[in-house]
Structures are given as C-alpha cells and as structure tokens.
Amino acid sequence: MEKGSTLPVGITQLRGVIAILQWWSFNVLVIIMNKWIFQKLDFKFPLTVSTVHFICSTIGAHIAIKVLNVKPLIEVDPQDRLRRILPMSFVFCVNIVLGNVSLRYIPVSFMQTIKSFTPATTVALQWLVWKKSFDRRVWLSLIPIVGGIVLTSVTELSFNMAGFLAAFFGCVVTSTKTILAESLLHGYNFDSINTVYYMAPYATMILALPALLLEGLGVVSWMDAQESLLAPLLIIFLSGVSAFCLNFSIFYVIHATTAVTFNVAGNMKVAVAIVISWLIFKNPISFMNAIGCTITLLGCTFYGYVRHRLSQQASVKAASTELESVQLLSVVNEERPSRLI
C-alpha cells in the first residue's frame, strides 16, 4: 500500500478492493482467452500467441509511459540493457511460453494448481544453487503445497505429461526470474510497467523468429481453413491487449494493498480462475482432485503468512539492535566528561 496516503480509511479500502477485482478480472480473462484460443479456435500455436502478447505489451507500455505519462520512464544505461535486461527478457520470454504451452495440453485448473508450486521451487533453488539458508518454519510451510500438488497430479483426470512438464518448468523459470531480478536488476527500482517497457521488445525479438520457423506454416494452414478470420484474429489480438492490462493491473494492486492482502488475494485469484474455467470448459474434476487444489492454495496462503511474519520479526530485531547501539553510544558519550573530571 502506498505510504503516506492521506485518503480516508474507507476510500483506501475501496481502492484496494477495486484494484484486486480488476486484477482478478484481467488474470482470469487472459487465462480463459488463451485456453479458448487453443481449445475452441483450435489455434494450437503457443509461440505465436506469446509473440502477439509481447507485441501488444511493447506497444501498450510505450503508450502508457511515453504518451499517457502513467509512470516516469526509469532510465537504463545502454550497457545494462544488454548485460541485465536482455538475460531477464529471455527468462521472461521462456516463462510466458511455458505457461501458454501448458494451457494447450492441460486444463486451467490443473495448470493453475501446478503454478502454485512456485514458492517451493523458489526456496529449493535458493537453497541448492545460491546456498541460502531458511528458517525451519519456511520448510514446514511448504509441506501442504507439495502434498497438495502431488495429490492433484495423481488424481487429475485430464493428465498430460507435456502440459505437466511445461507447467512445472514454468514454476522453475518463474523462480529463476524472481531470484535473478534481485541481482540483475539491482539498483533499478522497476515497477511492472517499466519492466514490460524494457523486456517486452527484447522478448518479441527473441521469440519472433522461432515462432515463424516452427509455427509459420501451421498458422497459414489454420488461416486457410477458417471461414471467417475476423472473429478469431480479434480474439487473439484481444488476448494480447488483456495480457498487457494484466501487467498494468499488477502495478495498481501492489500500490493499493498490503503484502499480506496481495498474497491472500493472489491465491483466491487462482481459485476464481479454476472455478470460472470449470464453468466454461467443463473439464472433469474429481473430489480428491478438488481437495488437492484446496490444500495447495491454503498451503500457499500459509507460506505467504509465514514469510511475512518472519520478515516482520527480522525488521523488529534489526530496529531493536539499532536502538541498543544508539543507547550504548549515548551512554559512552555521557561517561566521557565524568572521566575527564
């Protein structure tokens, strides 16, 4: 939530609710539209869909920053664009592509549940690769997430190995992106809009050629088979616009809510997406599968709560240590004149 806000509490809370609702709306819209494109339109070209998303995000971010002045442009050194932004853009690109690939093969409910595995992959990567230690409570809070994912995977009636692997490695890439951002983007206080402004053009350049080579002929054949191209192409284009709006909404909700609210709302968002997708696509969900999804989402919420509490305790401990140092220095300074006498 924005610091130093002078708005009444009621207005601030209303802004938070509106921010969460529009975030949910764009998130569900992007997921449902992408699944509709792959399943209903039979447009089974995830690289092309991702490229359209990046193009729309590139144009949208330019308009938001350069034309509408929604956020000031954060200037980045030209050398840093190649050394820092380009590698992050590659990871960003792979992350989006894997998400779309998984949507092609597995139901939204299963894909969203697997994506909830991200906290576990983040902690595991930081421990294995970056040798970072974690409090025992963090490891314990991951047990419901892992258990829920296992139960969901075992009981998934529409299980597909390609879709499962794409979603799982999407979690790994998402975790890698989060970890790398701490080092590669160090010194740049990027918001989501500036992030898209710099990364989307690189992601477009990275993905455009593979999409053309691997899916170009298939796209042409698909277009020839359509009676009318207006409606399908409009849906694909609107999915790209919605993808940019989703990034914009993330920026808004982060500034309008607290960290705890953002965590809880994020997990509820997954639940909303699962329910709406089930109502639209009618994919079969067994009772035990639903239990697995629920355990996973509750586990993610609990994990976020644990991390927040540990962060608060660390802040209090740091503040207490600093206060003790100041008090000790004050005592030393007070004793010096008496010793001179």
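**D42 and K44.** The model is predicted. I then asked which residue D42 pairs with. D42 forms a salt bridge with K44. Their closest N and O atoms lie 3.4 Å apart, and the cut-off is 4 Å, so the pair qualifies. K44 is partly exposed too, with a relative accessible area of 31%.

**D80 and R84.** Next I checked helix α3, which covers residues 78-105. Here the side chains of D80 and R84 meet in a salt bridge, at 3.7 Å from N to O. How far apart are D80 and R84 in the helix? They are four residues apart, about one helical turn. R84 comes out as partly exposed, at 23%.

**D135 and R137.** I moved on to D135 and R137, which form a salt bridge. The closest N and O atoms are 2.9 Å apart in this pair. D135 is partly exposed, with a relative accessible area of 31%. R137 is partly exposed as well, at 38%.

**Network and count.** Which residues are joined through shared partners? I found D80, R83 and R84 in one network, linked by salt bridges that share partners. Finally I took the count, which comes to four salt bridges. Among them are K44 with D42, D80 with R84, and D135 with R137.

Technical notes: Residues are numbered from 1 along each chain as its sequence is written. This is a predicted model: local features need pLDDT of at least 70, side-chain atom pairs count only at pLDDT 80 or more; totals for chains, interfaces and linings use all residues. Side-chain values use heavy atoms; hydrogens and water are left out. Buried means under 20% relative accessible area, exposed over 50%, partly exposed in between (1.4 Å probe, protein chains only). Helices (H or I, at least four residues) and strands (E, at least two) are DSSP runs, numbered from the N terminus.
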